[in-house]
Amino acid sequence: MPTLRSGSLRHAAVAACISACWPVNCAFAASQQVTTVTGELAGILVVAVPLAFMIAVALLAIYLRAVKRSMLRRSSTTQVVSPEVPTLVAVPETPIQLTDVSARAQLSGAAADLVKTASKGLWRVAAVYVVAGIAAASAMAILYLVGNDIALLPLRTAFVTISYAWPVVLTLCLVALTSWTGWAIAIGLYVLALAAVVAPSLSPTFTPLTAALAWLIHNAPATVMALVFLARPIRAVGPLVMAFTFAAVAGASILANVIGTTDARMRAVADLGGSIGLGGHQTFVAVLLVGFVLFGIIGWLLLRVLGWLYRTRRVSDQSIMIDSLWLMFTMHHAIDMAFAGLKWFAATFAVFGLYKIIATLGFKLTRPAAEPAVPRLLLLRVFSLGKRSEQLFDVFAKRWRHAGTMRMIAGPDLAKTTVAPHEFLDFVTGRLARRFIDGTETLDRRLTESEARRDVDGRYRVTDFFCHDDTWKMVLRRLARDSDAVLMDLRGFTRLNKGCVFEIHALLDDVALSRVVFVVDATTDESFLGEAIAQGWSRLASTSPNRADGAPAVRVFRLAGQSGSGGLLQAVATAARG
């Protein structure tokens, strides 16, 4: 396209671009301020959410490749990082057995207490979010009805309150429910509650279709947008990327809107663009880019603040996720309330503040007392499991993290799932290499950083140990000895998994068998597993705690879908406390 040289044409082109890209709904707006607010915020969300998804997918793909490359490299340290070579002695006389611990059994006092702690913690957090969510939904319903001069009739208020309480169901699904059955029950109960207040109110002007449309208007757009940036593949970093893209897109929108408010400003910008050889459309694009970059810097600073809050345990990975969910619904509701007036628009964000205050107080008031000995769990697995590994981790960790910490050697299967905010920021700034362990000193420092303290919501953290090709064996042996229990996921285990064979032998050498649980299913080559265990037993280290075991047995848990997660928790609790 040739460059426009006429000043009047250039001014008209800039004005046309601004009008086309930032339309306002004058048919429904009561004032220019309202149209600006509703058009700006809606436009920002429509652009920022899919942009956040695309950026998050791209960054996580690059992050995964960077982790894989670093894992395959050898460390640059001059330290000796080879694993210890155990002293081998005579083969133990007592043969080792495999014991199936899949069936639920009577737990000992300490193990039973651990399971209760995990279950109570899970529902304690869920209860806090439910109370805070219902309070926010009630306040939002009153705000909506009063702001639109609608009478506060009991059934009407109940309907609007339940409609605004939809994020409570999504929160429960993300925080506490571990199966599709649980999700279906929660959604079903919500629909029944909604139907219970709709049925007595039906009339020729208020039909089931009218109620459904009202619910969709209140919730559908925000639900779709929230599920985009909280989708499982990007959930770990989705809220962080969304915060950045929202700030950057808002900057582009605000700058274009500010310039477009007067002819003098548009003329000045058009003249400036023309002085450097830009046409009208090109000048408009430049304005958007400048706003994107300037506010993108603010978004980046916001990310740094979130990283600091996470490092100092003022927020957790879960609180960031749930807060971002509620904030998305708040912004959607604010667009509706803007038509009642700007004070009602601002009051909508006060409702989010109410939710946050109640949730914060709830976590403080219900925070469990400090425990003298927090169980440390080492999670090992077959890296090639991929999504199956993610699913087991998600289901098991939801419960376990209320009772103890989790440690893992970082791998490609869970790298995107367990990435912490500060680790992601290190990657974005090109400092991911400093997360990798290159010797014993770095390992000591990582162990110190992974102290067993509860987050603001009462959960313990998952710690990833990033290892190079020549350090992971050393890290494994240290973590195995330093953990109270070891859970090894051997689904998909075959003769090709030589790293897992080393891990099995290391566990036999360094960890009491009573503290180890192996997970298997139909995809496990149990014949080869038996061979690997027998080989390790025949070469048992002289210092192994299992040499004194009069009836050595490897505990095997046969997992049958998500339904077995409760039994697995019991088996691990027994290993940690039994």
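**Entry 1: lining of the largest cavity**

I sorted the lining of the largest cavity by class and got 13 nonpolar, three polar and 10 charged residues. The model I am reading is a predicted one. For the volume of this largest cavity I noted about 560 Å³. The lining has 26 residues, and R235, A236, D317, R401 and T417 are the closest to the centre.

Which helices each supply at least two residues of this lining? I wrote down α8 (238-260), α11 (317-338) and α13 (387-400). The largest share comes from α13, with five residues.

I then looked at how many cavities there are. The search of the whole structure gave four cavities of 30 Å³ or more.

**Entry 2: second largest cavity**

I put the volume of the second largest cavity at about 100 Å³. Its lining is made of 13 residues, with A136, W326, T330, H333 and V351 the closest to the centre. Two or more lining residues come from each of α3 (109-147), α11 and α12 (342-366).

How many charged residues does this lining have? I found no charged residues there, against 10 nonpolar and three polar ones. For the largest cavity I had noted 10 charged residues.

**Entry 3: largest pocket**

Next I looked up the largest pocket, which has a volume of about 610 Å³. It is lined by 25 residues, and the closest to its centre are I320, D323, S324, L327 and F352. The elements α8, α10 (280-311), α11 and α12 each supply at least two residues of the lining. By class I counted 19 nonpolar, three polar and three charged residues.

Helix α11 turned up in each of these entries. It gives at least two residues to the lining of the largest cavity, two or more to that of the second largest cavity, and at least two to that of the largest pocket.

**Entry 4: nonpolar cores**

The largest nonpolar core has 95 residues, and L45, Y63, M242, I322, M328 and Y355 have the most contacts inside it. Helix α2 (residues 32-72) gives this core 13 residues, the most of any element.

Leaving out residues up to four places away in sequence, M242 touches L45, A48, V49, A52, F229 and M328.

There is also a second, separate core of 41 residues, and I96, F465, F518 and V554 are among them.

**Entry 5: helix α16**

Is helix α16 (residues 472-481) mostly covered or mostly uncovered? I found it mostly covered, with seven of its 10 residues buried. The buried ones are W472, M474, V475, L476, R477, L479 and A480. R477, an arginine, is on that list.

**Entry 6: the whole chain**

Last, I took totals. The chain has 578 residues, of which 50% are buried. Its secondary structure comes to 19 helices and eight strands. I noted an accessible surface of about 25800 Å², and 65% of it belongs to carbon and sulfur atoms.

For contacts, I kept pairs of residues at least 6 apart in sequence. Of these contacts, 84% join residues at least 24 apart.

Notes
Residues are numbered from 1 along each chain as its sequence is written. This is a predicted model: local features need pLDDT of at least 70, side-chain atom pairs count only at pLDDT 80 or more; totals for chains, interfaces and linings use all residues. Side-chain values use heavy atoms; hydrogens and water are left out. On a 1 Å grid over the protein atoms alone, a cavity is a set of points where a 1.4 Å probe fits but cannot get out, and a pocket is an open set with protein on both sides within 12 Å along at least five of seven lines; lining residues have an atom within 4 Å of a point. Grid points are joined across faces, edges and corners, and a volume is the space filled by probe spheres set on the points. Helices (H or I, at least four residues) and strands (E, at least two) are DSSP runs, numbered from the N terminus. Ala, Val, Leu, Ile, Met, Phe, Trp, Tyr, Cys and Pro count as nonpolar, Asp, Glu, Lys and Arg as charged, and the others, Gly among them, as polar. Buried means under 20% relative accessible area, exposed over 50%, partly exposed in between (1.4 Å probe, protein chains only). Contact means heavy atoms within 4.5 Å. Accessible areas come from the Shrake-Rupley method with a 1.4 Å probe; for residues, only the protein chains shown count as cover. A nonpolar core is a set of buried Ala, Val, Leu, Ile, Met, Phe, Trp, Tyr and Cys residues joined through side-chain atoms within 4.5 Å.
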